Amino acid sequence: MAERHPLEERELVRALVSRSAQLLDHGRWDEFVDLFARDGTYLLQARSDEIGKDMTWLEASRAELSTMFKEYPQHVRDKAHRTHLVTPEDIEISPGAAKALSTFAVFRTDLAGQSALYAVGHYEDELVVEDGAWKLRCRKARVTTRQFTTPTPMPL
Amino acid sequence: MTEKTAPRRWEDPPRLPTTHYVDQRIYTDPAIFAEEQAQLFAGGWKLVCHESELPQTGDYRVLDVVGRPIVVVRGEGGEVRSFYNACAHRGAELVRDLRGNLGRGGFRCFYHLWGYDLKGCNIRMTRPEGYERFGPKADDAGLRRVRTECVAGLVFVSLREDVEPLATYLDGMLSRIDKHLGSAEYEVFHHHSAVINANWKFWNENNTEVYHEFLHILNRKTMVLQPGYHDRRWALYKNGHASPEEVYSHYEAVGLEARADNLLPGMRPSGLLALGVFPDVLIIIRGTVLRIDTMRPLSPDRTLVEWRGLALKGDSAEVRDMRVRQHNQVWGPAGRNLAEDIAAVESQQRNVANGASRYAIIAREENLRPHDDCNLRAYYQEWGRRVGRWAHDVDLPRAKAAAEAESAPRVAHG
């Protein structure tokens with residue numbers, strides 16, 4: 001890979017984080033999976049104030065994510081639309097690797113067009129360069145929201 | 001061709017025995033909701049937490065029972081007690097977090113610094129000389145205690161002091177709970193909740209009627225369409241508790257691992273067992289991991305559902321990871337089935353609220369086999385007895401319905 005200026009690397013990472021949200025919003029599942037490295041992992045985690053423990057609610061490899069998306073149309077599912085707002089706030093670049101911390105909010109818009117806040121949290125992303133492009137080695141979606149209306153099995 | 005019978009008038013009850021349908025106003029009527037709150041949730045036993053949420057002396061949890069704030073705390077000798085979370089002085093909340101540890105000093109109200117030990121006795125009245133003239137005395141200024149009993153690690157409370165003993169209430173379900181939860185030490189590793197836009201009984205029915213497994217692609221592939229699925233029967237217990245016999249879940253049918261190792265007590269490989277405790281508790285075991293559902297009815301059309309995941313205390317890190325993974329394959333906020341169940345009950349609620357659906361049919365008879373609605377009929381018989389209403393006819397005068405429900409023959413128990 002040709003050497004790029006650190007600012008350019010930062011911009012590529014920022015763009016990947018933003019793109020991940022857009023792909024989820026538009027149901028472009030295959031492209032979302034393609035953002036992950038071959039050994040990439042998606043985690044959905046939360047901290048329970050009720051039991052005082054960190055919890056993992058979903059852990060999926062790239063292959064498991066792909067299977068989940070393929071199965072999704074077979075499920076009875078919430079027909080509402082979800083929209084992400086994501087703000088990458090802190091990006092650290094090192095040779096061949098990067099970390100990005102972002103804040104996200106997800107809004108749910110029902111069939112009548114009424115929108116409400118669904119969840120807030122942070123993405124803690126670890127990235128690697130694979131085949132000349134930045135890929136997610138680990139996306140940890142840590143939700144602050146613990147009580148959901150109309151839960152979805154889909155990644156946030 | 002002439003019709004032999006007149007077409008059904010949709011505003012009339014179904015042509016079924018009265019035990020085999022439900023007037024769906026039981027899911028929408030505010031007066032019935034208030035009666036349920038008083039008779040079932042304030043006047044009966046309510047599962048509030050698991051003992052592992054209070055591992056140390058002084059550990060507490062704050063919970064809500066019928067809108068009342070209750071603090072459950074572990075005392076010096078290990079006993080679990082509950083109190084209203086309200087200072088005996090001027091009513092401020094004694095503790096303001098969901099959980100924590102009080103230390104050996106017990107409760108200390110943040111407002112005027114009154115104090116109470118872990119038994120709820122008053123141990124401090126700030127500047128007590130002001131109470132010398134009229135009182136109160138310390139022994140008359142303790143915390144308001146709430147009846148509390150534990151069985152197999154499950155903590156139940158009742159706001160009614162003279163409620164029947166918990167073991168009597170659980171009846172035949174007690175030994176079932178003890179077999180699976182009482183023979184090993186469990187701990188809660190998962191907790192989440194959701195507010196669903198549906199009456200709490202819709203959620204209970206969804207949790208306990210097996211026929212609805214057709215809703216889930218996962219259950220269709222792993223169980224309903226598999227041989228042997230129907231070769232089991234319901235066990236119905238006194239007081240509305242019920243459990244279908246264990247079934248084998250073919251996880252391999254959807255590409256998941258079979259559950260053969262590190263099974264929980266009393267479970268067969270890849271076995272699935274559900275224990276329904278009247279009126280709002282479901283304990284469900286999928287071989288290696290256990291789930292407990294409880295409910296907090298908020299209004300006739302809104303319910304807070306709480307889910308706990310439990311594993312064995314002392315699990316190695318590797319085994320615990322396996323249990324968490326297997327828990328999340330089906331359960332949890334990102335589980336495969338939850339969104340489907342919620343879609344179903346919220347859909348029902350919309351149609352009973354808008355009047356599109358007046359009566360629900362619970363008429364399946366299959367000789368106690370899993371798709372028999374026998375458990376729902378037994379449930380509504382008990383519901384009627386305790387609430388003082390007939391589920392099939394909510395217009396009957398309450399006193400008459402209560403008397404009839406009390407004298408009605410009880411469902412046979414398995």
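The model is predicted: local features need pLDDT of at least 70, side-chain atom pairs count only at pLDDT 80 or more, and totals for chains, interfaces and linings use all residues. Residues are numbered from 1 along each chain as its sequence is written, while chains are lettered from A and ligands numbered from 1 in the order in which they are written.

**Domains of chain B**

- Chain B is assigned domain 1 (46-162) and domain 2 (185-407); such bounds come from an automatic or database domain assignment.
- Between the C-alpha centres of domain 1 and domain 2 of chain B there are 32 Å.
- Where these domains touch, domain 1 of chain B supplies 6 residues and domain 2 of chain B supplies 9 residues; two residues are in contact if their C-beta atoms, placed from the backbone, lie within 7 Å.
- On the side of domain 1 of chain B that touches domain 2 of chain B, 1 residue is nonpolar, 3 are polar and 2 are charged. Here Ala, Val, Leu, Ile, Met, Phe, Trp, Tyr, Cys and Pro count as nonpolar, Asp, Glu, Lys and Arg as charged, and the others, Gly among them, as polar.

**Nonpolar cores**

- A nonpolar core is a set of buried Ala, Val, Leu, Ile, Met, Phe, Trp, Tyr and Cys residues joined through C-beta atoms within 7 Å. A residue is buried if 20 or more other C-beta atoms lie within 10 Å of its own, exposed if 12 or fewer, and partly exposed in between, with C-beta atoms placed from the backbone.
- The largest nonpolar core has 100 residues, and the members that touch the most others are B:Val48, B:Ile70, B:Val71, B:Val72, B:Trp203 and B:Ile283.
- Helix α8 (residues 374-387) of chain B gives the most to this core, with 7 residues. Helices (H or I, at least four residues) and strands (E, at least two) are DSSP runs, numbered from the N terminus.
- This core lies between domain 1 (46-162) and domain 2 (185-407) of chain B, because both give residues to it.
- Another core, of 34 residues, lies apart from it and includes A:Ala46, A:Ala100, A:Leu127 and B:Ala334.
- Which residues is B:Trp203 in contact with, leaving aside its neighbours within four places in sequence? They are B:Ile196, B:Ala198, B:Met295, B:Thr303, B:Val305 and B:Val345.

**Contact between chains A and B**

- Chain A puts 26 residues into the contact and chain B puts in 27 residues.
- On the side of chain A that touches chain B, β1 (36-48), β2 (53-61) and β7 (147-148) of chain A each supply at least two residues.
- Of these, β2(A) gives the most, with 6 residues.
- That side of chain A divides into 9 nonpolar, 10 polar and 7 charged residues.
- β7(A) runs parallel to strand β12 (residues 186-196) of chain B, and 2 bridges join them. Two strands pair if DSSP finds at least two bridges between them.
- A:Phe148 has B:Ala194 in β12(B) as its bridge partner.

**Helices of chain B**

- Helix α3 (residues 173-181) of chain B has these buried residues: B:Met173, B:Arg176, B:Ile177, B:His180 and B:Leu181.
- They lie on the same side of α3(B), because they cover an arc of only 100° around the axis; the arc is that of the directions from the helix axis to the C-beta atoms.
- B:Leu338 belongs to helix α7 (residues 338-353) of chain B.
- B:Leu338 is buried, with 23 other C-beta atoms within 10 Å.
- Leaving aside its neighbours within four places in sequence, B:Leu338 is in contact with A:Pro151 and B:Pro333.

**Local backbone features of chain B**

- B:Gly135 and B:Pro136 are joined by a cis peptide bond, with omega about 10°; B:Pro136 sits in the loop between β9 (122-124) and β10 (145-151) of chain B.
- A cis peptide bond also runs from B:Phe278 to B:Pro279, with omega near 0°.
- B:Val66 is not a glycine, yet its phi is positive, about 50°. B:Val66 is in the loop between β3 (59-65) and β4 (68-74) of chain B.
- Is B:Asn367 buried or exposed? B:Asn367 counts as exposed, with 8 C-beta neighbours inside 10 Å.
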